[in-house]
Amino acid sequence: MAGRINDEDVKAVRDAVPIDAVVSEYLQLRNAGGGNLKGLCPFHDEKSPSFQVSPSKGFFHCFGCQEGGDTITFVMKIDHLSFSEAVERLAGQAGITLRYEEGGYNPSHQRGERIRLVEAHKIAAEWYAEQLATSPEADTGRVFLAERGFDQAAAVHFGVGYSPQGWDHLTRYLRGKGFTDKEILLSGLAQEGRRGPIDRFRGRLMWPIRDIGGEVVGFGARKLYEADNGPKYLNTPDTAIYRKSQVLYGIDLAKKDIAKSSRAVVVEGYTDVMACHLAGVTTAIATCGTAFGGEHIKILRRLLMDNGSARVIFTFDGDAAGQKAALRAFEDDQKFAAETYIAIAPDGMDPCDLRLAKGDEAVADLVEPRTPLFEFALRQIVARYDLDTPAGRAAALDEAAPIVARIKNSGAQHEVAVQLAGMLGILDTQFVVKRVAQLARWARDRGGKGPAPDRHQASQQYASAQPSAAPRGPALNLRNPVYATERELLKLALQRPELVSPAFDAYGADEFTAPPYAAVRLAIQDAGGAELGVAAPQDYLVKVREAAPDDAVRAMVTELAVEAIMLRRAVDEPYAGAQLVTVRRRAVERRIRDITGQLTRLGTQGDPAQLAAVQNELWVLQQYDQTLREHGAAAL
């Protein structure tokens, strides 16, 4: 698709699709009180519901796993979509035409066009499948599948179809469904012929290629007849909805199991995906006529959630081409947080042939991780050199050592360096270990250009308080009664800003003693303050979340925006005023204690002018504290 989605259209999608309607498609919701709904969290296992939805605010938050966000965030997380994919799906449900910004508004890339192209592919996929199931001509395709161990049920499960040998069977069918020649050509289902559009795919077995959301966006076509002069496999060309570098065959079927098991199996072809899934390896996927690359990694990272215990297993043929593909995959290895492995059958068979020859268990056994991808890459490199000579061993070390230095885990790096010394026949293993360590240090030094700039000190303190951070003393308990009023005031500022504005906007982040709450205060300030919540309530929470400097603060904003205010009766100005006064008075009291200590340190020997200034500040604060006690919020 072209460019980023217009911000106004994103807002229209957020407003048009109720979050409770979207969430209820995936889990059962029931009343939680205060206008909120609750249910069992879809993002982690739990027995009692801690997942809450606030229809009035348009947000969800799980108090168990801390996942939270708006409708778009929910769709992204539940279906493992990118931001634009989630917006496009919701826009389709709401009937909203999206605009894309890259040099301005471009009518040729409207959401309406995407809907038409996707609909054309859906109809084409159904028509191809019907041809395979019923057409006498498709017997060749049925035999092809049967010889590879796939029955009619397997064909139906994967949507496999057949394209007739005539010039324009599908083109005429799509015209009958109301599609114009221009739309048919733009879809890639047809190409220009001498007398108009003709079918791109003719006399071939057809695999529908679906995006991660399950929509058909292209096809992979395998030739069946010797008279066909085209390539063995022919794929849909790049279109407005299809980029071969951005799709993975089988991802729609595999995504849930990949996310659940933190494991993905990358195979080479459509029949290999079918064989793996039928053998119980339901995390198998394949590229579509292109090498596995950076865009494919992005898709898998969203599913694997950058889990350090995740695994990606590549299966390649044992021939030279397969080895070359494995080395290409290794070049992108460090873009994964997952561990990567390679699986090659001893006899070089691919999963489809292996299933035919030895059954489902052999396929399942093949993809059990055995050889780390970096080890395979090292052996391929070492094999190219004459290790009987010192010059050959040195040259092999020069090429292989940087690969070992890229291994993330320092312990594993040391072990592999020792293995490399053994592969090379270098008896002094410490020489190899030191060489690798030196390269790793150089790489770190080149990658680190100095400390990252501080966006907000409070947000960094907040990050240090999270479970994922390095230990820094006792964990911060945000439910401690000491912080209760600060939490309550922030909830009011996010949920009922009209009750605390404009006084709240004069509060500094240092008036919130819990670093996470100080970070949220800064996010509200950067978004325009509680005043924005009064002036533009429909945009307020979105702006605050956008102003948050990191995911930790963003999650806290969502949590506070959804959590019920701790008052049994209706929330009113006196209650809000009480929270404002309590937070301010505690800040004043802390300052009074600081100044009292300063006076003690100055004693009678301090500078008279400095002593007078400190005493005057103390008197002013004491008077202010008394005014707050006597007059409450009116004194703010």
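Glu 399 is partly exposed, with a relative accessible area of 29% (buried means under 20%, exposed over 50%, partly exposed in between, using a 1.4 Å probe and protein chains only). This is a predicted model: local features need pLDDT of at least 70, side-chain atom pairs count only at pLDDT 80 or more, and totals for chains, interfaces and linings use all residues. Residues are numbered from 1 along each chain as its sequence is written, and side-chain values use heavy atoms, with hydrogens and water left out.

Glu 399 has a salt-bridge partner, Arg 384. Their closest N and O atoms are 2.5 Å apart (a salt bridge is a side-chain nitrogen of Lys or Arg within 4 Å of a carboxyl oxygen of Asp or Glu). Glu 399 sits in helix H17 (residues 390-405), and Arg 384 in the loop between helix H16 (373-382) and H17, so the pair ties together parts 15 residues apart in sequence. Helices (H or I, at least four residues) and strands (E, at least two) are DSSP runs, numbered from the N terminus.

Glu 8 is exposed, at 58% relative accessibility. Arg 99 is partly exposed, at 29%.

## Two packed helices

Helix H11 (residues 270-278) packs with helix H14 (residues 351-358) at an angle of about 45 degrees, and their axes are 7 Å apart. Axes are lines fitted to C-alpha atoms, for helices over the stretch in contact, and angles run from 0 to 180 degrees between N-to-C directions. H11 and H14 are therefore oblique to each other (under 35 degrees is roughly parallel, over 145 roughly antiparallel, 65 to 115 roughly perpendicular, and the rest oblique).

Which residues meet here? From H11 come Thr 271, Asp 272, Ala 275, Cys 276 and Leu 278; from H14 come Pro 351, Cys 352 and Arg 355 (contact means heavy atoms within 4.5 Å). By class, this contact has five nonpolar, one polar and two charged residues. Ala, Val, Leu, Ile, Met, Phe, Trp, Tyr, Cys and Pro count as nonpolar, Asp, Glu, Lys and Arg as charged, and the others, Gly among them, as polar.

## Cysteines without a bond

How many disulfides does the structure hold? It holds zero (a disulfide is a pair of cysteine sulfur atoms within 2.5 Å). The closest cysteine sulfur to that of Cys 276 is in Cys 352, 9.4 Å away, which is too far for a bond. Cys 276 is buried, at 0% relative accessibility.

Cys 65 is partly exposed, at 28%. Its sulfur is 3.7 Å from the closest cysteine sulfur, in Cys 62, and this is too far for a bond.

## A buried glutamine

Gln 131 lies in helix H5 (residues 111-134). It is buried, with a relative accessible area of 15%. Leaving out residues up to four places away in sequence, Gln 131 touches Ala 138, Arg 142, Tyr 162 and Pro 164.
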